Amino acid sequence: MKILSIQSAVAYGHVGNSAAVFPLQRIGVEVLPVYTVNFSNHTGYGAWRGPLISPDDVREVITGIEDRGVLGQIDVVLSGYQGGEGIADVILETVAKVKAANPTAIYACDPVMGNAKSGCFVAPAIPVLLRERVVPAADLITPNQFELGYLTGTEPDTLESTLASVDLARAGGPGTVLVTSVERPDREEGTIEMLAVDERGAWIVQTPRLPMKANGSGDVTAALFTAHYRRTGDAAEALARTTSSVFDLLTRTHESGERELQLVESQEFYAHPRMQFEVRQVR
């Protein structure tokens with residue numbers, strides 16, 4: 001499998017491509033990383049250095065890949081955090097070119113906008129762009145519950161309302177939706193869930209909620225779920241594998257006391273997930 005991943009990159013720590021590439025490689029996926037920013041560290045520190053890469057420069061890198069004649073070998077275009085408005089045009093152009101070269105390829109979009117606690121943390125134009133142009137072009141999306149609400153103009157909280165919001169999102173284009181960070185009012189205390197939905201059904205998995213914030217964990221989740229789903233076509237199996245790997249990554253990170261994901265130290269959890277959580281079909 002080959003994935004063309006258009007995301008941010010950092011020298012220190014693990015977000016964007018700096019979070020997604022290694023876990024994908026560890027499960028046997030060939031990754032072509034294209035950077036949208038090249039920062040010293042993620043912006044959660046409040047200070048960083050390095051360039052925001054212009055859309056034209058991102059386009060040039062992708063054109064160079066096209067010149068090598070490999071677009072027909074790409075199975076997935078994956079995108080995450082979009083630093084500037086113009087990156088969306090480049091991504092959509094790339095998806096069109098890849099699908100023309102390989103009609104079986106899919107576009108997986110992590111529509112990064114924000115979360116329930118922080119609200120939106122991207123430029124004001126980005127959420128509208130994602131909702132109106134980018135997400136409708138995607139085959140698979142991986143929003144958190146807050147982002148799902150924005151994309152669909154709803155306020156999902158219960159399982160039923162979250163499923164209804166997913167149905168609205170799927171009606172707009174993407175056939176498969178992974179909802180991360182699902183927080184139902186009636187869930188068991190100290191837990192958090194993920195929900196995966198495609199044309200075959202809907203599945204939910206529950207894990208303990210760890211008392212930590214881990215920048216980049218969503219990028220790992222989107223990458224692993226996309227790869228497992230593309231490889232197997234089985235949303236329940238992809239959900240089980242991804243949940244197991246990410247939970248163990250977060251557990252090791254929490255136990256380390258470090259702020260950054262212990263990405264390399266957790267590599268066996270990607271290659272050989274323990275499959276310790278039950279995935280339950282809810283529709």
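## The cavity

On a 1 Å grid over the protein atoms alone, a cavity is a set of points where a 1.4 Å probe fits but cannot get out, and its lining residues have an atom within 4 Å of a point. This is a predicted model, in which local features need pLDDT of at least 70 and side-chain atom pairs count only at pLDDT 80 or more, while totals for chains, interfaces and linings use all residues. Residues are numbered from 1 along each chain as its sequence is written, and side-chain values use heavy atoms, leaving out hydrogens and water.

The structure holds one cavity of 30 Å³ or more, and the volume of the largest cavity is about 50 Å³; here a volume is the space filled by probe spheres set on the grid points, which are joined across faces, edges and corners. To find the largest cavity, look for its lining: Arg 59, Ile 62, Thr 63, Glu 66, Val 90, Glu 93, Thr 94 and Lys 97. Helices (H or I, at least four residues) and strands (E, at least two) are DSSP runs, numbered from the N terminus. By type, the lining has two nonpolar, two polar and four charged residues. In this count Ala, Val, Leu, Ile, Met, Phe, Trp, Tyr, Cys and Pro are nonpolar, Asp, Glu, Lys and Arg are charged, and the others, Gly among them, are polar.

## Two nonpolar cores

A nonpolar core is a set of buried Ala, Val, Leu, Ile, Met, Phe, Trp, Tyr and Cys residues joined through side-chain atoms within 4.5 Å. Buried means under 20% relative accessible area, exposed means over 50%, and partly exposed is in between (1.4 Å probe, protein chains only). The largest core has 41 residues, and those touching the most other members are Leu 4, Ile 6, Tyr 107, Cys 109, Ile 141 and Leu 195. Helix H3 (residues 86-101) gives this core its largest share, six residues. Apart from it lies another core, of 37 residues, including Ala 19, Val 21, Ile 27 and Met 194.

Beyond its neighbours within four places in sequence, the contacts of Tyr 107 include Val 77, Ile 91, Val 95, Lys 99 and Leu 140, where contact means heavy atoms within 4.5 Å.

How much of helix H5 (residues 145-152) is buried? Six of its eight residues are, so the helix is largely enclosed by the rest of the structure. Those six are Gln 145, Glu 147, Leu 148, Gly 149, Leu 151 and Thr 152. They pack against strand S5 (114-115), helix H4 (125-134), strand S7 (140-141), helix H6 (159-171) and strand S8 (176-182).

Both ends of H5 are worth a look. At its start, a side-chain oxygen of Asn 144 reaches to within 3.1 Å of the backbone nitrogen of Phe 146. After H5 comes Gly 153, with a positive phi near 65 degrees.

Thr 243 lies in helix H8 (residues 235-256) and is buried, with a relative accessible area of 5%. Its side chain reaches the backbone oxygen of Leu 239 at 2.7 Å. Not counting residues up to four places away in sequence, Thr 243 touches Met 194, Val 205, Thr 207 and Phe 277.

Ser 244, also placed in helix H8, is buried at 1% relative accessibility. The side chain of Ser 244 reaches the backbone nitrogen of Arg 274 at 3.0 Å. Leaving out residues up to four places away in sequence, Ser 244 touches Pro 273, Arg 274, Met 275, Gln 276 and Phe 277.

Most residues other than glycine have a negative phi. Ser 181, in strand S8, has a positive phi near 55 degrees and is partly exposed, with a relative accessible area of 33%.

Met 275 also has a positive phi, near 55 degrees. Met 275 sits in the loop between helix H9 (267-271) and strand S11 (279-281), and is partly exposed at a relative accessible area of 38%.

Methods
A polar contact is a pair of N or O atoms within 3.5 Å; within protein, one must be able to donate a hydrogen and the other to accept it, and residues adjacent in sequence count only if both atoms are side-chain atoms. On a 1 Å grid over the protein atoms alone, a cavity is a set of points where a 1.4 Å probe fits but cannot get out, and a pocket is an open set with protein on both sides within 12 Å along at least five of seven lines; lining residues have an atom within 4 Å of a point.
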